[in-house]
Structure formats: C-alpha cells, structure tokens
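Take a look at it first, and then we will walk through some of its parts together.

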Amino acid sequence: MSDADIRALRAKLKHLDLLQSINGLLGWDEQVNLPPASGPRRAEQLAAMAAVIHEAQVDPELGRVLEQLENADVPLSEDERVILQWARRDYDHARRLPEAFVRRKAALESEGFHVWREARSANDFGRFAPVLEQQIALLKEEAALQGMGDRPYDYLLDQFDPGLTEADVETLFAVLKADLVPFVRAVVDSPVKAHPEKLRGLPVEGQNRFLREVVEAIGFDFARGRIDVAVHPFCSGDAADTRLTTRFSEEEPLSSLFGAIHEAGHGLYEQGLPVEHLGTALGEAVGMAVHESQSRIWENQVGRGRAFWQHFEPRFREIFGERLDAVSSEELFLAVNAVALTPIRVEADEVTYNLHIILRFEMERRLFGGDVKIDELPGLWNALTRELLGFEPASDAEGILQDVHWSCGLFGYFPSYCIGNMVAAQLWKAIRSQMPDIEADFARGDFSRMLGWLREHVHRQGRRYRTKELVQKVTGEALSPVHLIDYLKERYAPLYLPEAR
Ligand code: ZN
C-alpha cells in the first residue's frame with residue numbers, strides 16, 4: 001500500500017527533522033545565551049542529541065519503508081518521487097559511515113578547532129599542519145567509504161551543492177578570474193576613494209533600530225523569527241522558527257547593517273520554504289550556493305543599490321541626526337560600496353571577495369589532487385595572494401591560518417560563496433528583465449514584488465532541482481560567471497572609473 005508507506009516515510013522524516021531542529025536550537029542557544037561556565041554541560045547535551053539523530057538516520061525501519069516505496073506498483077506523484085529520491089540518498093549516505101568513523105570525525109573537528117585557534121594566535125602554521133593533514137586523510141577516507149575514493153574533491157563539493165563538480169567550478173572561476181583581476185586592479189588604483197571611516201561612532205542603539213526596520217521592510221517575518229546578538233553572525237532554524245544573529249561595532253556601523261541584511265536574506269529563504277513539507281527534500285534548501293545567493297542578492301544587488309538608499313537614507317539620517325551632517329549623500333553611497341584590498345576574506349567587499357574564494361579553491365583542489373605537500377602550503381597561499389590580489393599577507397595568521405573552516409574539516413565549502421554570488425547576479429538579471437521597473441519599488445520602500453518572485457521561483461521549489469538545474473530553469477540559461485562580472489562592472493565602474501565610461 002503506497003499511500004500508507006508515503007505517510008510512514010513522511011512521519012519518519014518529520015521525526016528526524018524535529019530532532020535536528022532541537023539540536024539546532026541548542027547550537028543557537030550556545031552562541032547567543034549560554035553562561036560562560038556552562039559549556040561542558042552543553043557539549044554533553046549536543047553529543048547526546050548527535051547519537052539520537054544518528055540512530056534515527058540509520059533506522060532500519062526507515063530503510064524498509066524506502067524499499068517498499070521503491071518497489072511499489074502504484075505510481076508515485078512527482079513530489080513523492082523527489083522526497084523519496086533524497087530520503088534514499090541521505091539514508092544511504094548515513095549508513096555507509098560506520099559509527100566509529102563518525103565519532104572519530106567529530107573528535108577531530110573539535111580538536112582541530114582548538115589547535116587552529118592556538119596556531120593562529122601564535123602565528124604558527126607548523127602547529128596546525130598535522131591536524132590539517134589528518135583532516136584531509138579523514139575526508140579522503142570518507143569519500144572512499146561513499147564510493148568516491150577516486151574523486152574526493154567532487155565528493156566534498158557535492159555535499160554542499162548537489163551535482164556541482166570540480167570541473168564546473170574550474171571553468172566558472174577561470175572566466176571570472178580573467179576578468180576580475182584587472183578590474184579590481186583598476187578600481188583600487190582609482191583616485192576615487194571611499195571613506196567608510198566617516199561613519200565611525202554611530203551609536204549601537206540607533207544601528208539596532210535601523211537594521212530591524214530594514215529587515216522588516218524586506219519581508220522578514222518576526223512572528224516566526226528573531227534577531228539576536230552573537231560573536232559570529234549566522235542564520236539557523238527553519239521555516240517555522242528562523243533565528244538570525246548580528247553583531248554591533250561603533251567603529252563599523254555598516255558592517256552590522258549589511259551583516260543583518262545578509263542573514264535576513266538567508267532567513268527569507270528559510271521562511272519561504274513550504275512549511276507543509278518541512279523535514280522532506282521539498283521543505284529544504286537546494287544547497288549552500290543557492291542559500292548564499294539569497295543572502296547576497298538582498299545584501300548586494302538590493303541593499304547596496306541607489307534605489308534602496310533613496311528610500312532609506314532619510315530614515316538613516318533621522319536616526320543618527322547631526323552625526324551625519326558632514327557626510328554627503330554621495331559619500332554615504334560610496335561608503336556603502338567601498339572597495340579595498342585586504343588579506344582577510346571576512347573583511348573583503350563584494351568585488352574582491354570573489355578572489356579570496358578563487359584562492360581557496362586553488363588550494364583545496366591541489367590538496368585533494370595530491371600535488372602539494374603540507375609544508376608547501378603557506379608559500380602557495382602567499383604566491384596565490386600575490387597573483388590574485390597583488391600583495392602578500394604579512395603573516396600566516398593573516399594568510400593561511402585566517403579561516404576556521406579547514407580546522408573543522410570543511411573543504412569544498414568555500415566555492416559556494418562565490419558560486420552564490422554568480423547565482424545572485426544571474427537571478428538579478430532575470431528579475432530585471434521580467435520586471436524592468438523593480439527598482440522603482442525599492443525607491444518607495446516596497447520589496448514585496450522582489451520577495452514574491454524569489455518565493456515563487458526559488459524558495460517554494462525546495463530541493464526539487466539541483467543547483468545548476470534550478471538556475472537553468474529559472475533564468476533560461478546555464479549557470480554562468482558573466483552576469484556577476486557584468487553586475488560588478490555596472491555597479492562599480494561608474495563610481496570608481498568614471499573616465500572609462
Ligand atoms: Zn551567508
């Protein structure tokens with residue numbers, strides 16, 4: 001009986017999803033509320049939940065339901081096929097990893113994080129190198145357990161963006177790099193300079209009020225979501241309960257604002273996933289790149305645009321009063337769109353950011369391709385920084401040791417950030433060709449048509465399509481780096497290279 005089986009499958013998946021959401025809340029609470037001495041208790045709680053979740057993931061009863069549905073003679077609906085296919089993938093994926101391996105991986109993640117933190121503060125790559133080597137060996141072992149031992153880097157990319165391969169990324173990044181390196185050079189050499197430091201000292205209370213108004217205006221639903229303060233901004237939760245965090249600095253008031261718009265973009269995606277399908281693939285994001293496209297399109301294409309500031313600048317000035325008297329509208333807009341070289345990825349603007357990602361992809365593919373030794377890595381990092389950004393970092397702490405990702409075994413994740421920028425730019429092009437007057441909406445403070453379009457074409461689709469399929473389907477053409485290059489030139493050339501126009 002197929003109907004009863006599909007109900008049984010949905011019930012199993014829902015149970016698993018509820019467990020995972022409880023785990024997510026514990027993680028959110030750890031970042032936002034946890035008293036300083038309560039860490040060990042929380043670690044035990046998280047380990048207990050991890051064991052319960054693993055048990056539900058590999059539950060033989062779930063395997064039996066999957067098999068019955070796969071062998072049923074009653075045809076499944078399109079939705080049911082999507083749900084079944086992804087549930088099978090996730091089930092097999094979990095079953096192929098022995099429990100001892102999963103425990104070893106979790107232990108190395110936590111050890112790696114602590115070793116990395118010490119190595120970075122001591123600027124000592126040698127201390128981090130053995131952990132890095134172990135992480136790579138462990139992930140190669142995992143790829144082999146999953147039957148992809150001959151293509152470990154493809155395996156890792158597929159974890160974050162189903163269907164994406166090293167060859168895809170290589171092709172996309174080669175085109176982007178060829179255009180972006182000289183463009184960045186021209187922009188940073190321009191006599192036009194942004195002065196974001198003119199905004200220093202804007203009180204946190206006003207920043208908080210302003211960013212909440214912006215996040216509400218673009219459509220974030222505070223009835224089933226909230227914003228809190230945490231050391232690292234993130235978005236967690238799901239369509240039923242979406243948690244955003246931000247952090248405030250009087251030194252850099254725009255960074256809290258754009259951080260919050262970014263996380264709200266992730267939050268809008270989560271809130272737009274069909275809540276009735278929560279726990280199944282139809283209630284789940286496509287992958288990291290599409291998720292990132294949703295944060296970036298609000299942060300950059302919308303939030304850094306003229307129309308957005310046409311609407312919000314008067315309110316911004318109203319809140320901060322005479323502190324902004326010495327800042328002209330053009331200076332404010334230029335500060336919003338400041339471009340500057342920095343060795344640090346997380347401090348980079350939207351133009352140069354992509355080069356930081358290309359660098360990490362070049363490192364990762366060589367690490368997993370086996371054509372570089374661990375002790376050659378800092379030199380390789382510095383050489384790539386010189387090639388892409390035109391200078392070398394002053395230390396390994398500002399170079400190869402700057403990111404937390406590799407310490408926790410996150411490889412194949414960085415490319416999603418840049419691919420997300422590409423997807424955002426390609427969606428933005430489609431939006432503007434279908435609604436040429438969309439920015440007139442923004443100038444009036446109306447973001448509902450924009451959100452409605454994303455809801456219909458991206459959010460409500462869940463995991464129906466893989467990354468490349470979704471882009472093709474929604475924009476009518478294959479995923480391409482060209483739209484990102486065009487968007488960056490259209491936004492930044494008039495500001496920094498007026499003579500070139
Ligand atoms: Zn993000």
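How many residues does the hairpin use to join strand 2 to strand 3? The hairpin that links strand 2 to strand 3 passes through two residues. Before going further, please keep in mind that this is a predicted model, in which local features need pLDDT of at least 70, side-chain atom pairs count only at pLDDT 80 or more, and totals for chains, interfaces and linings use all residues. Residues are numbered from 1 along each chain as its sequence is written, and side-chain values use heavy atoms, with hydrogens and water left out.

**The sheet**

Three strands make an open sheet with mixed pairing, in the order 1-3-2. Strands (E, at least two residues) and helices (H or I, at least four) are DSSP runs numbered from the N terminus, and two strands pair if DSSP finds at least two bridges between them. Strand 1 (225-229) and strand 2 (235-238) are at the edges with a single partner strand each, so one side of each has no neighbour in the sheet. From one strand to the next, the twist averages 15°, where axes are lines fitted to C-alpha atoms and angles run from 0 to 180 degrees between N-to-C directions.

Strand 1 and strand 3 (residues 241-246) run parallel and are joined by five bridges. Strand 2 pairs with strand 3 in the antiparallel sense, over four bridges. The table shows some bridge partners.

| Residue | Partner in strand 3 |
|---|---|
| Aspartate 228 | Threonine 245 |
| Cysteine 235 | Leucine 244 |

Is strand 3 mostly covered or mostly uncovered? Strand 3 is mostly covered, with five of its six residues buried. Here buried means under 20% relative accessible area, exposed means over 50%, and partly exposed lies in between (1.4 Å probe, protein chains only).

**The zinc site**

Which residues hold the zinc ion? His262 (NE2), His266 (NE2) and Glu292 (OE) coordinate the zinc ion at 2.1 to 2.4 Å. Donors are N, O and S atoms within 2.8 Å of the metal (3.2 Å for Na, K and Ca), and water is not among the atoms, so sites may look incomplete. Along the chain, the donors of the zinc ion follow the spacing H-x3-H-x25-E. Histidine 262 in helix 10 (residues 253-272) and glutamate 292 in helix 11 (residues 288-302) are 30 residues apart, a pair that links distant parts of the chain. Both histidine 262 and glutamate 292 are buried.

**A cavity and a pocket**

On a 1 Å grid over the protein atoms alone, a cavity is a set of points where a 1.4 Å probe fits but cannot get out, while a pocket is an open set with protein on both sides within 12 Å along at least five of seven lines; lining residues have an atom within 4 Å of a point. Grid points are joined across faces, edges and corners, and a volume is the space filled by probe spheres set on the points.

The whole structure holds four cavities of 30 Å³ or more. The largest cavity has a volume of about 50 Å³, and its lining includes Gln207, Phe210 and Phe320. The second largest pocket has a volume of about 220 Å³, with Trp428 and Arg432 among its lining residues. Helix 20 gives the largest share of the lining of the second largest pocket, five residues.
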